[in-house]
Each structure stands twice: as structure tokens, then as C-alpha cells.
Amino acid sequence: MEKNKCIFLDRDGTINVYKGLISRPEEIELIDEVAQAIRLINESDYLCIVVSNQPGVAKNLCTLDEMNKINDRLRELLSLQGAYLDDIFICPHHPEKGYPGENPEFKINCVCRKPNTGMIDTAKLKYNIDLSKSYIIGDSTIDIQTGINCNIKTILVKTGLAGLDKKFDVCADYVVENLLEAVKIVLK
Ligand SMILES: [Zn+2]
């Protein structure tokens, strides 16, 4: 069977407006032209899968159930504009223990927190994805480092953090203004 191609997307700052850690569904607000960008992916032969670090669960800002409701709200806003996500993977963990009020069950060193490759490895198995034909698009150097660690092509968008988090000293394969421009590069 032929393998699938995938465009992996970061969530906050790439799809929805960056507001720090999001802990309520009402905080999800789509960035301009994002629904159009995701519709283009939906009409192509690429899967569209979100991979997102959400340490707010480990920090007890919200529960896993509330995190699922936030993702439901994202799917709802996209569907109102005719776009959909094939899947959403989140890492609810955070490695630094010892904060008041934290959720110790999720305070672990995990393999899924980007720039670790766990979420993309899991997606690869679940959807039979050929990573050599896939891309990751995100607004932070963490997303670009994740792509490098998975050996997939990387696109940095200048929405959200616009790569200014400077957590990793990395160069993306492409740097563009927003998700729509990024998707057009992949599909051209
Ligand atoms: Zn994790």
C-alpha cells in the first residue's frame, strides 16, 4: 500500500492566535486565512495533523477533558469555514517538577513533548505516513527542531512567536508570513 504524506501543524500561534497557554475554549481564535490554508490541505493528497505541546494540563491550568473541549472548539471554528483536521495529538506533560498546584501525574520527562519525536512517531504508525514526503509548519524554533529530529521538511511562519522564542539555534527550510503561504509552498 502506498504511504501517506502529511503536513504536521503546530496549534497556538500557527492556527489560532497566540495568547500564551490556552485553558478555555473561548480563547481559541483563528488567525486570518488559516481555514483557507487548511481547506487547501484537505483538497490535496496530504493529511493535516496537529501536534501541540499543552503543558497547561501538567500545570493544572486545565484538565485533559477541558483540553479536549478546547480542541473541539478549534475543530468547530474550522468546520464553519469548511476545513477539518485529520487528527490532533497533544503532549500534556511538563518536565520541571516542584511547582505549587501542579499535577504530578503529568510532570514527567516524556517522549512526546516537542522537540521530541513521539507525537510524529505515533502519527506515522497510525496513518502509515512517509516522513520523507512530509512537512511540519510552526511558529517556534521548537517546531523546527522537531522537524529536524524527525528528518522532515520545516516551514517557520511569522505569526505567533515568529521564531523569536530562540529556544533552539535552527534554520527552517522556508520562512513565510503565515500558514496560507506555507501551504502554498508545499502544494506548488
Ligand atoms: Zn508528553
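This briefing covers the fold, the zinc site, the pockets and selected backbone features of the structure above.

The model is predicted. Its protein chain holds 5 helices and 6 strands, and 53% of its 188 residues are buried. A zinc ion is coordinated by Cys91, His93, Cys110 and Cys112.

**Overall fold**

- Read from the N terminus, the order of elements in the protein chain is β-α-β-α-β-α-β-α-β-β-α.
- The protein chain has a radius of gyration of 16 Å, close to the 16 Å given by the globule rule for 188 residues, so it is as compact as a globular protein of that length.
- Along the principal axes, the C-alpha atoms of the protein chain fill a box of roughly 50 × 35 × 35 Å.

**Zinc site**

- The donor atoms of the zinc ion are SG of Cys91, ND1 of His93, SG of Cys110 and SG of Cys112, at 2.0 to 2.3 Å.
- The arrangement around the zinc ion is tetrahedral because its 4 donor atoms subtend angles of 104 to 117°.
- Along the chain, the donors of the zinc ion are spaced as C-x1-H-x16-C-x1-C.

**Largest pocket**

- At least two lining residues of the largest pocket come from strand 2 (46–53), and at least two from helix 4 (141–150).
- The lining of the largest pocket divides by class into 7 nonpolar, 6 polar and 9 charged residues.

**Second largest pocket**

- By class, 9 nonpolar, 2 polar and 2 charged residues form the lining of the second largest pocket.

**Backbone features**

- A cis peptide bond runs from lysine 114 to proline 115, with omega near 15°.
- Proline 115 sits in the loop between strand 3 (87–91) and helix 3 (118–127).
- Asparagine 128 is not a glycine, yet its phi is positive, near 55°.
- Asparagine 128 belongs to the loop between helix 3 and strand 4 (135–138), and with a relative accessible area of 25% asparagine 128 is partly exposed.
- Alanine 162 likewise has a positive phi, of about 55°, without being a glycine.
- Alanine 162 lies in the loop between strand 5 (153–157) and strand 6 (174–176), where its relative accessible area of 22% makes it partly exposed.

**Residue pairs separated in sequence**

- Glycine 13 and alanine 162 are 149 residues apart along the chain, and their C-alpha atoms are separated by 8.2 Å.
- Glycine 13 is placed in the loop between strand 1 (5–9) and helix 1 (34–43) and is buried, with a relative accessible area of 0%, whereas alanine 162 is partly exposed.
- Serine 23, also in the loop between strand 1 and helix 1, is 33 residues from glycine 56 in sequence and 6.9 Å from glycine 56 in space, C-alpha to C-alpha.
- The relative accessible area of serine 23 is 23%, so serine 23 is partly exposed.
- Tyrosine 174 is part of strand 6, and tyrosine 174 is partly exposed, with a relative accessible area of 32%.
- Between tyrosine 174 and glycine 101 there are 40 Å in space, C-alpha to C-alpha, and the two residues are 73 residues apart in sequence.

Definitions and conventions
Residues numbered from 1 in each chain as written. Predicted model: local features only at pLDDT ≥ 70, side-chain atom pairs only at ≥ 80, totals over all residues. Heavy atoms only, no water. Helix = DSSP H or I, 4+ residues; strand = E, 2+ residues; numbered from the N terminus. Nonpolar A, V, L, I, M, F, W, Y, C, P; charged D, E, K, R; others polar. Donors = N, O, S within 2.8 Å, 3.2 Å for Na, K, Ca; no water. Tetrahedral: all angles 85-135°; square planar, octahedral: opposite > 155°, others 65-115°. Rg over C-alpha atoms; globule rule 2.2 N^0.38 Å. Buried < 20%, exposed > 50% of the residue type's maximum accessible area, 1.4 Å probe, protein only.
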